[in-house]
Amino acid sequence: MLNSPFTRLCVAASIISGAVTTASFAQEVRLIGKDSNIDVIGNLLSSKDGKYLVETDIGEFVINQDLVTCEGEACPTEQTYVYDLEISAPDEIAEVLVPIIAEGYAAAALEAEAQLYDENGEPVDTETVDVGDHKYGEEHDFALQLTDLEGDDVATFGIHTANGARLFERLAKKDASIIFTETAARKADRSIVSESSGGNLRDFDQERVIAVDGFAMIVNPLNQIPDLSVKQARDIMSGDIVNWSEVGGSDAPIHVYSFDPDTEAYHHIEKLLFKKSDKTLTNESSIVHDRTELTTAIMEDVAGFGIVNYAAKRDARAVPLRTTCGIVQDPSLFNLKTEEYYLQERVVAYNRSDIDGYARELVDFLDDGSLDGLVAKAGYIDLSITSDSQERAAERLVAELEEGENEYEAELVEDLLKNMNTHARLSTTFRFAPGSKRFDNKAERDLMRMVNYLAETKPSEVVIVGFTDNKGPFDSNLLISQERAQAALDHLVEVATGGELEGITLKAAGYGELEPVACNDSPRGRAINRRVEVWIAG
Amino acid sequence: MKSWSKYAAAIAFGCIASSGLAQEVTLTAKDGSRSVTGELVTIQPGKFIVRSNVGVLSLNTAEFHCSGAACPASLPTDTDLVVAGGAGLADILLPLLTEGFAAEQELFSDVFDLQGVPLGEQHAFGQDDTVSGAIGSEAFDILIMDEEASPVHSILVKEASGQNLFESLITRESDLIVSEEPVSPQNYTQARKSGLGELTSFQQEHVLAVDGYTATVNPENDLLSLTIEQISQILSGEIVNWTQFGGPDHKINVYTLPQNSEAFHRVDGLILSPFERDILADGNIVNSNRELSRAIETDPYGFAVMRFSNIRDSRPVPLRSECGIIHQPNQFSMKTEEYGLQNRVTVYNGSDLSGVGAALVEFLDSPRIDGFVSKSGITSLSVIAQSEHEKFARLKSDVAEMTVSANASELRSYVSDKLTTTRLSTTFRFSPGSSFLDNKAKRDIERIAEYIRDVEPHKIVLAGFADAGGSYGKNRQLSLARAKQVLRELSSSMEASGPVNTVIEVRGYGEMAPVACNTNPVGRAKNRRVEVWSEVSSPDAELRAWGG
């Protein structure tokens with residue numbers, strides 16, 4: 001592998017980190033705060049991961065490089081290697097999803113191959129990398145080398161890992177022109193980007209939901225515990241629940257397997273379970289170092305429990321999730337695609353508005369039909385459309401019908417049930433802001449997917465079905481759901497300008513707050529219930 | 001009313017989005033006398049709400065010190081805003097409107113009782129009224145929270161109606177009131193004396209919606225129409241048999257809500273009081289809107305008056321005015337304010353409103369509230385088009401009723417305009433003899449401007465009309481002046497957003513085509529109007545309105 005691009009990358013990487021040239025002998029530097037009154041003089045011991053380590057009279061300090069300017073001969077020199085495109089993403093995405101997408105892009109657009117290198121110049125195998133051991137919050141540099149069939153350089157993309165708000169900072173500072181994130185842009189994130197003339201991250205061309213990532217609570221297949229709530233999962237992870245009998249299982253101690261609390265893999269679980277809680281991972285847990293180790297441990301331990309990405313659960317049994325109001329959600333691919341399962345996140349790509357060249361082409365490629373296959377290959381859940389027979393949902397409705405005391409609702413439920421039995425539901429589900437019937441960027445792209453799907457599969461009938469949350473009177477919700485469905489149907493017809501819907505009977509229906517798929521007791525649950533589904537027959 | 005109550009879980013914790021607050025804390029009295037450990041449900045202005053093993057406790061923030069990871073860094077200081085209004089109105093509207101207000105700022109809202117227990121859907125006022133007979137003492141809190149479920153603002157919504165409503169504003173017990181009645185001259189004067197400013201000014205009076213009522217009968221009853229007086233005669237027991245209206249010889253079974261309910265008071269105010277009649281003694285009393293509509297759905301001889309959004313499968317009866325003009329009980333008639341049984345829903349505030357109250361009122365002034373108003377079951381002011389069927393039915397009766405004074409060319413112009421356009425629900429109204437727009441009309445200008453920007457109709461006709469008082473020629477001039485006034489306001493509102501391809505024309509049709517009887521002041525006020533007629537160039541244009 002000692003060919004020329006490799007050597008050059010190696011040099012480039014060492015300049016970026018600055019470690020090789022300066023770490024061997026300490027020299028005096030002065031660090032001056034850009035926006036604060038930091039002023040430190042000391043010996044620079046190291047400079048890596050975006051931080052300076054300095055030794056001063058009063059001890060050693062670690063200072064974020066972004067916050068200070070470094071003066072002195074020992075300061076690392078400015079990065080000299082210029083990448084053709086800079087991307088930032090959390091570690092898992094940076095090492096797996098981004099290279100696989102970029103590889104797909106390179107093959108399709110440039111007839112080139114791609115190889116990822118880490119900051120030491122070592123090649124990374126994106127298909128086998130398992131990032132369970134990577135620390136949360138650390139920032140690393142990777143380089144993705146694109147070469148043509150003759151082995152000549154085409155381009156090099158820099159991929160810098162970062163988390164949370166740091167990603168948007170990098171976008172605002174033009175350190176990255178594209179970022180991938182599992183946290184949607186907040187107001188503050190959008191405003192720093194627009195202040196840097198990076199455009200509006202809510203624009204259709206700057207925001208793309210490319211995948212969803214779900215988490216499964218996994219147990220040994222011999223453990224037939226019916227379901228667990230999020231709270232129970234939290235209490236198991238924190239050690240407040242220690243025996244399977246406490247959650248409806250047999251009398252056996254629970255063995256918790258987890259990633260190290262410092263890792264990015266654990267951070268996801270913490271965000272979903274322990275958010276703003278003083279609970280932490282139990283000391284009794286066994287620490288695993290990657291996802292394969294986790295699932296292997298669970299497969300070998302009848303009393304084991306762990307939480308892992310849905311796509312990485314392998315043969316372990318994913319336990320259904322019981323919500324606060326008793327709705328049980330199967331961790332199935334279909335439910336994840338509908339975005340009704342609670343333990344899931346979106347993977348969103350954001351780009352600056354002033355992109356061109358490779359960045360422009362890569363962003364356009366994110367709208368390409370071949371993206372879904374690449375997303376699935378990377379172990380994420382793609383947004384391609386699948387259908388479901390609705391048996392589970394219909395069973396639940398029958399149970400409600402038997403309890404129902406109200407004729408008006410009963411009639412509606414019967415009608416709904418009849419349609420559920422004759423129609424399959426598609427995974428594409430449109431969601432709305434409260435009181436709105438406007439489509440967001442994801443919905444607009446889902447609509448285009450659906451037009452293509454319908455053109456290919458040509459069902460005999462498509463019914464657009466509206467539902468609402470339970471705020472407000474039953475009747476106005478019924479009306480709103482019908483209006484939303486009709487509006488969505490009109491919009492579908494408007495988008496399908498190429499005769500894609502010819503020969504398909506199109507209908508709209510609305511059932512108000514009937515058939516909730518999530519609990520109406522929280523804003524998030526209500527958001528999940530405000531939806532328009534797509535049903536097909538024949 | 002909800003049969004799916006098992007989904008309306010009373011407790012919000014455990015869900016991911018709201019799990020943040022449900023954490024163990026220890027509250028220790030500052031004098032050291034006692035301490036409580038439990039899950040912190042929420043923090044409200046002045047109190048910690050803790051679920052301990054002895055139940056839910058509300059503890060004063062001034063007297064207790066909070067320790068534990070879930071304790072807030074800073075406490076909400078006080079209730080930010082107090083809103084008062086009647087049952088079936090403020091209690092239904094405010095939670096929905098606040099949700100929209102919060103969502104715009106990327107925040108969330110939820111409803112809690114005064115002890116801090118999440119209320120889910122159970123926040124309607126008056127649920128205990130039928131038992132206790134007491135009106136006017138209920139209240140709940142709406143908390144606006146951030147993503148971490150930490151409170152950002154707190155809004156207290158409390159029940160008040162009639163004279164108490166305006167008194168609570170004047171005495172500054174509340175910052176905003178939601179009223180179904182316009183401010184009376186006495187209350188206006190009193191508010192002014194108390195330093196609250198002018199309640200009729202643009203900044204202090206905000207019409208959010210119209211609340212319409214309709215007489216309903218069983219779907220098999222084909223009764224053509226009723227006047228308001230006839231409805232009052234049925235409700236008071238003066239007309240007791242369906243034969244009076246050409247129906248079968250059977251007693252009219254009148255259903256009403258309890259007399260001490262707010263909903264009954266509204267029906268009383270719209271129908272019975274104006275004719276100085278009282279409700280009959282032997283009516284069938286039901287306890288909920290749902291029971292009321294079900295009674296009519298199942299009783300072929302049933303009769304009831306109910307809020308338009310509650311009718312379900314019962315049949316609304318068209319309303320006939322004393323000069324024979326018939327109004328269909330539908331959303332369009334209510335939005336035009338030509339239908340007889342409706343009230344405006346108006347928010348009033350003092351002139352010194354600031355902070356979250358001012359921001360909320362700004363939101364209330366925007367067409368963005370329309371979706372939330374519709375969700376509450378009250379008719380919003382969003383712009384909708386008249387149905388083709390209704391348009392032709394009305395045109396036919398207009399032409400038949402045209403007075404001899406209307407000459408052929410005027411008639412031709414009117415008919416040709418009508419045939420090429422569709423009337424929009426937004427209608428501008430004026431004081432007698434004037435062309436001044438009221439506060440609602442000024443805000444409706446913005447709605448029409450938005451409609452033009454979204455739909456880009458080929459042409460808009462602003463059609464001015466007058467009441468029948470005064471000479472025919474003078475009324476034509478006056479109606480044209482009114483249309484021109486609307487055009488001026490509309491043009492200045494649209495200037496900011498750049499040029500549009502829509503041609504806007506004005507007409508003055510004088511006293512032609514009345515929408516109400518000119519025999520009384522209320523009818524004449526309805527006739528003094530500018531209608532908006534839209535000529536949409538392509539059939540797809542309305543879809544574009546939605547897409548934007």
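This is a predicted model: local features need pLDDT of at least 70, side-chain atom pairs count only at pLDDT 80 or more; totals for chains, interfaces and linings use all residues.
Two residues are in contact if their C-beta atoms, placed from the backbone, lie within 7 Å. Take the contacts in chain A with a separation of 6 or more: residues 24 or more positions apart account for 70% of them.

The overall dimensions come next. Chain A has 538 residues, and its radius of gyration is 26 Å. The globule rule gives 24 Å for that length, which is close, so chain A is as compact as a globular protein of 538 residues. Along the principal axes, its C-alpha trace spans about 85 × 60 × 50 Å. The secondary structure of chain A comprises 16 helices and 25 strands. Of its residues, 44% count as buried.

Now look inside. The largest nonpolar core holds 88 residues. Within this core, A:Leu97, A:Val98, A:Ala102 and A:Leu144 touch the most other members. Helix 3 of chain A, residues 91–110, supplies the largest share of the core, with ten residues.

Return to A:Leu144. Leaving aside residues up to four places away in sequence, A:Leu144 touches A:Pro99, A:Ala102, A:Ala114, A:Leu116, A:Thr156, A:Phe157 and A:Ile159.

In helix 7 of chain B, residues 289–298, seven of the ten residues are buried. Among them are B:Asn289, B:Arg290, B:Ser293 and B:Arg294, as well as B:Leu292, B:Ala295 and B:Ile296. What covers these buried residues? The cover includes four elements of chain B: strand 11 (205–217), strand 12 (253–256), strand 13 (284–285) and strand 14 (302–307).

Key
Residues are numbered from 1 along each chain as its sequence is written. Chains are lettered from A and ligands numbered from 1 in the order in which they are written. A nonpolar core is a set of buried Ala, Val, Leu, Ile, Met, Phe, Trp, Tyr and Cys residues joined through C-beta atoms within 7 Å. A residue is buried if 20 or more other C-beta atoms lie within 10 Å of its own, exposed if 12 or fewer, and partly exposed in between; C-beta atoms are placed from the backbone. Helices (H or I, at least four residues) and strands (E, at least two) are DSSP runs, numbered from the N terminus. The radius of gyration is taken over C-alpha atoms; the globule rule is 2.2 Å times the number of residues to the power 0.38.
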